[in-house]
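Trainee: I would like to learn how to read a structure. Please take me through a few features, one at a time.

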Amino acid sequence: MYGAIETRAPGRLRDAGDAGSGYVLRPATAEDIGGARAVMLDTVYRDLKSGYVPRWHADIIDLDGTYLRPERRTLLVVERDGEIVATGAVRDQGPQSPPNPEWVAARFPSGATAQLCRIYVRPEHRRHGLARALVSELCDFVVKVGGYEAVYLHTDPAVPGAEPFWRSLAAEVCDERKLPGGGQGIVHFELPFPGCLPPAPCPPAPRPLAK
């Protein structure tokens, strides 16, 4: 949880579209775990189409231990009319290799990297600025908690709207679709924040050996 870190008081989203929209962004509590988990699981089944895969989604089952208890992690929720309609989280863990490219994992080591994750919005609540507001609050948390050197995330371009959204906010670090074999088909991004290193471009694909 936020602990002793000073944060913006929970309140109505100021950039969530129409005035009086009723959306409230705030840190998650233990009472929000069920609603947040429902948003996440619905997304991995409906949008990502992977279903629940333990090695990828174990954090969804243990939201309390993964995000609420550690001081350098957090989980935010957006609530409307008593229902959790969007989520967003930060964890102090960089991408691992495998399955990610080795140089990407080396660039974003765990501990020094704040990874944005589980930024999901229910379809009927999209296009109200909720994801953008979540990213803003999560980046504020990263700066205030201290000790981070980079803000990283990856996205699946197959999810409708995901790739253009992140390209509007972050710099591409590696598009795995350009790697030999297409990699995992995901795109790695870095978000700028004070003290963040400039993103490095994806290395060119190796040329095939001459026969």
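Trainee: How many aromatic pairs does a search of the whole structure find?

Mentor: A pair of aromatic rings is described by the distance of the centres and the angle of the planes. Rings of Phe, Tyr and Trp (its six-membered ring) pair if their centres lie within 6.5 Å; planes under 30 degrees apart count as stacked, over 60 as edge-to-face and the rest as tilted. Searching the whole structure gives two aromatic pairs. In one, the ring centres of phenylalanine 108 and tyrosine 152 are 4.9 Å apart and the planes are at 40°, so this pair is tilted. Before we go on, note that this is a predicted model, in which local features need pLDDT of at least 70 and side-chain atom pairs count only at pLDDT 80 or more, while totals for chains, interfaces and linings use all residues. Residues are numbered from 1 along each chain as its sequence is written, and side-chain values use heavy atoms, with hydrogens and water left out.

Trainee: Where do phenylalanine 108 and tyrosine 152 lie?

Mentor: Helices (H or I, at least four residues) and strands (E, at least two) are DSSP runs, numbered from the N terminus. Phenylalanine 108 is in the loop between helix H4 (102-107) and strand E5 (113-121), and tyrosine 152 is in strand E6 (residues 150-155), so the pair ties together parts 44 residues apart in sequence.

Trainee: Is phenylalanine 108 buried or exposed?

Mentor: Buried means under 20% relative accessible area, exposed over 50%, and partly exposed in between (1.4 Å probe, protein chains only). Phenylalanine 108 has a relative accessible area of 1%, so it is buried. Tyrosine 152, at 0%, counts as buried too. Phenylalanine 165 and tryptophan 166 form an edge-to-face aromatic pair, with 4.9 Å centre to centre and 70° between the planes. Phenylalanine 165 counts as buried at 19% relative accessibility, and tryptophan 166 counts as buried at 7%.

Trainee: Which ring does the charged end of arginine 72 sit over?

Mentor: A charge sits over a ring if NZ of Lys or CZ of Arg is within 6 Å of the ring centre and within 35 degrees of the ring normal. For arginine 72 the ring is that of tyrosine 148, with the charged end 4.1 Å from the ring centre. Arginine 80 has its charged end over the ring of tyrosine 23, 4.8 Å from the centre.

Trainee: What is histidine 188 in contact with?

Mentor: Contact means heavy atoms within 4.5 Å. Leaving aside neighbours within four places in sequence, the contacts of histidine 188 include Asn100, Pro101, Tyr152 and Cys174. Histidine 188 is placed in strand E8 (residues 187-191) and counts as buried, at 0% relative accessibility.

Trainee: Which residues of helix H2 are buried?

Mentor: In helix H2 (residues 54-61) the buried residues are His57, Asp59 and Ile60. These residues cover an arc of only 115° around the axis, so they are on the same side of H2; the arc is that of the directions from the helix axis to the C-beta atoms. Exposed Pro54 and Arg55 are carried on the face of H2 turned away from its buried side.

Trainee: Which residues touch the most other members of the largest nonpolar core?

Mentor: A nonpolar core is a set of buried Ala, Val, Leu, Ile, Met, Phe, Trp, Tyr and Cys residues joined through side-chain atoms within 4.5 Å. The largest one has 30 residues, and among those touching the most other members are Val78, Ile119 and Trp166. Helix H5 (130-145) is among the elements that each supply at least two residues of this core. The largest share, nine residues, comes from H5.

Trainee: How many salt bridges does the structure hold?

Mentor: Side chains of opposite charge can pair when their charged atoms come close. A salt bridge is a side-chain nitrogen of Lys or Arg within 4 Å of a carboxyl oxygen of Asp or Glu. The structure holds 18 salt bridges. One of them joins arginine 122 and aspartate 42 (2.7 Å, N to O). Arginine 122 is in the loop between E5 and H5 and aspartate 42 in helix H1, 80 residues apart. Arginine 122 is buried, at 12%, whereas aspartate 42 is partly exposed, at 31%.
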